[in-house]
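Here are my notes on the model. Please read them with the structure open.

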Amino acid sequence: MARKIVAGNWKMNTSYEEASELAKVLSAKSAEIDDDVDIYVFPPYPYLKHLVDVLPSRIRVGAQDCSADANGAYTGEVSAAMLASCGVQAVILGHSERRARFKEDEALLHRKIIQAQKNGLEVFFCIGESQDILAGGASCVSLYHEKLLRALDNGVDLNKVVIAYEPVWAIGTGKSASATYAEEQCAFIHNSILKRWSIEVPILYGGSCNPTNARELFAQEHINGGLIGGASLKADQFLELCRSF
Ligand code: PGA
């Protein structure tokens, strides 16, 4: 049966108190969500261990990034092994904000994916076109996605990867992709992965996803749920998204 996944990417938001409060509400209400929905939250690094400790096991805790290196003199970096040792189960890699601001490319992301998987972390790998690439037309968008998927070559276990399709122009803009357009892109990504690696990988939609547009998006054949930014910071909205299948 196809997986149903709702994942909250808290980005660089919330104080410790706000994060704890959000976790408290999610804990209290998570039993109301259907068992077949996999729920993840991706809080900032300093809150990870606390959230692992206080959230019920059905809400999995993930990090928003990890180092491409195993350990050593990399000031400020956090290794996949450290995350795993704190009970973290997943990691977002390749988010467009990191690609744009920190110049993360396919080669670096490949190394991060390998580190994450060596330490048993499930990888949420983000891809999605910018406004400029969108303006180049459909074949430009497809070529770009094919290129980004190269980070999954050479030794990546595709069974432990979730793809998040997040068109950059839809992230944090309030302008979500239409369900038809998102489905077209997710079907393309699904088929490219199937052709290249003979495996079916769950694909999430991300980009201004909220309780108003989620039901139509999540009903699409190749969309398994959502990676949610803004709306994941409000407990009632996030829980509503978990009920949107
Ligand atoms: P948004 O962010 O829901 O606020 O658009 C999604 C994301 O960047 O993962």
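1. Start with Ser208. At 17% relative accessibility, Ser208 counts as buried. Buried means under 20% relative accessible area, exposed means over 50%, and partly exposed lies in between (1.4 Å probe, protein chains only). Ser208 sits in the loop between S7 and helix H9 (214-218). Helices (H or I, at least four residues) and strands (E, at least two) are DSSP runs, numbered from the N terminus. Phi of Ser208 is near 55 degrees, a positive value in a residue other than glycine. Ser208 is also among the residues closest to the ligand.

2. On provenance: this is a predicted model, in which local features need pLDDT of at least 70 and side-chain atom pairs count only at pLDDT 80 or more, while totals for chains, interfaces and linings use all residues. Residues are numbered from 1 along each chain as its sequence is written, and side-chain values use heavy atoms, with hydrogens and water left out.

3. Next, the ligand shell. The ligand is surrounded by 13 residues. A residue belongs here if one of its heavy atoms lies within 4 Å of the molecule. The closest are Lys11, His95, Glu166, Gly172 and Ser208. By class, the shell holds four nonpolar, seven polar and two charged residues. Here Ala, Val, Leu, Ile, Met, Phe, Trp, Tyr, Cys and Pro count as nonpolar; Asp, Glu, Lys and Arg count as charged; the others, Gly among them, count as polar.

4. Which atoms pair with the ligand's oxygen atoms? An N or O atom in the side chain of His95 is 2.7 Å from a ligand oxygen. A polar side-chain atom of Glu166 also lies 2.7 Å from an oxygen atom of the ligand. Gly229 uses its backbone: an N or O atom there lies 2.9 Å from a ligand oxygen. Taken alone, the ligand exposes 290 Å², and the protein buries 95% of that. These areas come from the Shrake-Rupley method with a 1.4 Å probe; for residues, only the protein chains shown count as cover.

5. Where does the ligand sit? The space taken by the ligand is the second largest pocket. A pocket is an open set of points on a 1 Å grid over the protein atoms alone, where a 1.4 Å probe fits, with protein on both sides within 12 Å along at least five of seven lines. A molecule sits in one if more than half of its atoms lie within 2 Å of its grid points.

6. Lys112 lies in helix H5 (residues 106-118). Is Lys112 buried or exposed? Lys112 counts as buried, because its relative accessibility is 3%. The side chain of Lys112 makes a polar contact with the side chain of Glu104 at 2.8 Å. A polar contact is a pair of N or O atoms within 3.5 Å; within protein, one must be able to donate a hydrogen and the other to accept it, and residues adjacent in sequence count only if both atoms are side-chain atoms.

7. Ser198 has a phi near 55 degrees, a positive value in a residue other than glycine. Ser198 is found in the loop between helix H8 (179-197) and strand S7 (203-206). Ser198 counts as exposed because its relative accessible area is 63%.

8. Ser85 lies in helix H3. Ser85 is exposed, at 62% relative accessibility. The side chain of Ser85 reaches the backbone oxygen of Met82 at 2.8 Å. Ser85 and Ser142 are 57 residues apart in sequence and 38 Å apart in space, C-alpha to C-alpha.

9. Gly72 sits in the loop between strand S3 (59-63) and helix H3 (80-85). With a relative accessible area of 58%, Gly72 is exposed. From Gly72 to Ile39 there are 33 residues in sequence and 33 Å in space, C-alpha to C-alpha.

10. Two helix residues remain. Arg99, in helix H4 (residues 96-101), counts as buried at 13% relative accessibility. Glu184, in helix H8, is partly exposed, with a relative accessible area of 49%.

Methods: 1 Å grid on protein atoms, 1.4 Å probe; cavity = no way out; pocket = protein on both sides within 12 Å on 5 of 7 lines; lining within 4 Å.
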